[in-house]
Amino acid sequence: MKKNELLKMFDWKDPFDGFVTVPETKLFGWNGDRQIFPALIQQLKPSLIIEVGSWMGLSAANMAASCKALGLNDTAVVCVDTWLGSKEHWRDPNLVGHLELQNGYPTFYRRFMTNMVQAGVSDVIVPVPMPSQIGASYLKDFKLQAELIYIDGSHEEKDVYDDLTAYWDLLHPGGVVFGDDFPWESVANAVKAFCAEKGCVYTVHEINWIIRK
């Protein structure tokens, strides 16, 4: 689905219109540059991708660029995130600086936007600045279905389980939902509990978990 079709559906203006990039911004993150992203896109050739938890945009840029490399120029990547950080970001003194707090409020969303522009993928990225559960409910209002969903928001066990449950209905039959950090006990427990409840099977590729609908 084209980005402009989504924006028209949402009745939104393009958030990149008039956006002024932030100087000295670098694209970085954790595990967002792994080969599993282009491999799944090559396999599924998705028309719509949903990402839950975008941080600075490394995985979003990887997926968007992978689509373009395959000629999937009409595939939009919907990025659901509050851009307020996770508990780890607030608790770790080495990470809290990345939040770029102004009067106690994170402002690093500008870095995400800048990274998308610099990566040349802003034409297919649709930021949805909402908590994951609200974002899922909002997207369901439009009866959207994505062939590929990447979940990398909060790593608390209940949150991972809730995100899987909420976004399962947004996954097209035959599609794939996946995430990383399977070595985290909280993530692994959530994936196992969800699959046991749904009667589906998960596979693990290094640190990534994968579930096909």
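Biologist: What covers the buried residues of helix α5?

Modeller: The cover includes α3 (58–69), β2 (76–80) and β3 (125–128), where a contact means heavy atoms within 4.5 Å. This is a predicted model, in which local features need pLDDT of at least 70, side-chain atom pairs count only at pLDDT 80 or more, and totals for chains, interfaces and linings use all residues. Residues are numbered from 1 along each chain as its sequence is written, and side-chain values use heavy atoms, with hydrogens and water left out.

Biologist: Which residues of α5 are the buried ones?

Modeller: Helix α5 spans residues 109–118, and its buried residues are Arg 111, Phe 112, Met 113, Thr 114, Asn 115 and Met 116. Helices (H or I, at least four residues) and strands (E, at least two) are DSSP runs, numbered from the N terminus. After α5 comes Gly 120, with a positive phi near 75°.

Biologist: Why is Ser 54 called buried?

Modeller: Its relative accessible area is 3%, and buried means under 20%, exposed over 50% and partly exposed in between (1.4 Å probe, protein chains only). Ser 54 therefore counts as buried. Ser 54 sits in the loop between β1 (48–52) and α3. Leaving out residues up to four places away in sequence, Ser 54 touches Cys 79, Val 80, Asp 81, Trp 83 and Phe 112. Phe 112 is one of the buried residues of α5.

Biologist: What makes Glu 24 exposed?

Modeller: Glu 24 has a relative accessibility of 80%, so it counts as exposed. Glu 24 lies in the loop between α1 (3–10) and α2 (36–44). Its phi is positive, near 55°, although Glu 24 is a residue other than glycine.

Biologist: Why does Asn 31 count as partly exposed?

Modeller: Asn 31 is at 23% relative accessibility, and therefore it counts as partly exposed. Asn 31 is also in the loop between α1 and α2. Asn 31 is not a glycine, yet its phi is positive, about 70°.

Biologist: How do you know that α6 is roughly parallel to α7?

Modeller: Helix α6 (residues 132–141) and helix α7 (residues 157–168) pack at an angle of about 5°, and their axes are 9 Å apart. Angles under 35 degrees count as roughly parallel, over 145 as roughly antiparallel, 65 to 115 as roughly perpendicular and the rest as oblique. So α6 is roughly parallel to α7. The residues in contact are Ser 132, Gln 133, Gly 135, Ala 136, Leu 139 and Lys 140 of α6 with Asp 162, Asp 163, Ala 166 and Tyr 167 of α7.

Biologist: What is the volume of the largest pocket, and what lines this pocket?

Modeller: The largest pocket has a volume of about 750 Å³. On a 1 Å grid over the protein atoms alone, a pocket is an open set of points with protein on both sides within 12 Å along at least five of seven lines, a cavity is a set where a 1.4 Å probe fits but cannot get out, and lining residues have an atom within 4 Å of a point. The pocket is lined by 37 residues, and Ser 86, His 89, Asp 152, Gly 153 and Ser 154 lie nearest its centre. Helix α7 gives the most to this lining, with three residues.

Biologist: How many cavities of 30 Å³ or more are there?

Modeller: The count is one cavity. About 60 Å³ of space lies in the largest cavity. Among the residues that line this cavity are Asp 152, Gly 153, Ser 154, Val 160 and Trp 209.

Methods. Points joined across faces, edges and corners; volume = space filled by probe spheres on them. Axes fitted to C-alpha atoms, helices over the stretch in contact; angles between N-to-C directions.
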